[in-house]
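Please read it alongside the coordinates.

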Amino acid sequence: MAITPEGRQFYEYAKSLLRLREKTLREFNKTTQSIIQFGASSIPSAYILPELLSAYRQKRQNLVFDVVQSDSQGILDRILSGSLDMGITGSPVTNECCHCKPIYRDEMVLATPATPYYQSLRQENCPLKQLLASPYLMREDGSGTKKEADQFLETLGLDSATLNIAARMNDLEAIKQSIIYGLGISILSKKVTRDLERDNRVLVFPLTQGGVYRNYYLIYRKSKIQNQQLWDFIQFVEHYYP
């Protein structure tokens, strides 16, 4: 499969349209600031991106981030279409058009309501399979967290479709609040549960003795980096976390 001459011509038109879009935004915002279109799935959007952007803006205050939140697949689709410069997702991609680099490692845990029932299960060192018989809150298809959770459940010989599903939700905040109010349990990133666990609003159970970990990835098109500004930001993100 090859790009036709018409396709190459269309590609040049598309680049011109994107440049015109950025120029228009600058003019109507009456600013000389540059714009980076950035996408992030739910967990990076709420727990990784704020600290990254804040740290970078201390160095480059003439930069504006146009941020879109979607699931991991949605971010990839937008990067491939050219509507985003880059993104952070919880799932790796193997598309040959994209670079995909791990930038942050986090543990996956089982979060439950902080009720006497689950506190007693913790004291009894309840087996994980018994905990997973509780009402379960499922993330949406396309979520990187759901993919990681499904893969872990397979190692236990469990199919997510056979769990006692209490609700399916595509909003991370809704899942957190639902756990707090006792609707069910869910497998989440430890970065999501850290503050809730500290405030005794949820209980956290490790998935295995040694922990189950996942990576978050910076994704961008190989042909997208056409200026030094984007490249500088990519280098910053790739080296921000130890």
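1. Contacts. Of the contacts (heavy atoms within 4.5 Å) in the protein chain between residues at least 6 apart in sequence, 78% join residues at least 24 apart.

2. Basis. This is a predicted model, in which local features need pLDDT of at least 70 and side-chain atom pairs count only at pLDDT 80 or more, while totals for chains, interfaces and linings use all residues. Residues are numbered from 1 along each chain as its sequence is written, and side-chain values use heavy atoms, with hydrogens and water left out.

3. Overall form. The protein chain has nine helices and nine strands (DSSP runs of H or I with at least four residues, and of E with at least two). Its C-alpha atoms fill a box of roughly 65 × 45 × 30 Å along the principal axes.

4. Burial and surface. Of the 242 residues, 46% count as buried (under 20% relative accessible area, 1.4 Å probe, protein chains only). The protein chain exposes about 13,200 Å², of which carbon and sulfur atoms supply 50%.

5. Pocket. The second largest pocket has a volume of about 200 Å³. A pocket here is an open set of points on a 1 Å grid where a 1.4 Å probe fits, with protein on both sides within 12 Å along at least five of seven lines; lining residues have an atom within 4 Å of a point.

6. Lining. α5 (128–131) and β8 (202–206) each supply at least two lining residues of this pocket, and β8 gives the largest share, three residues. The lining includes R122, N125, L128, F205 and Q209; it divides into seven nonpolar, three polar and one charged residue.

Definitions and conventions: Points joined across faces, edges and corners; volume = space filled by probe spheres on them. Nonpolar A, V, L, I, M, F, W, Y, C, P; charged D, E, K, R; others polar. Buried < 20%, exposed > 50% of the residue type's maximum accessible area, 1.4 Å probe, protein only. Areas by Shrake-Rupley, 256 points an atom, 1.4 Å probe, with all protein chains shown as cover.
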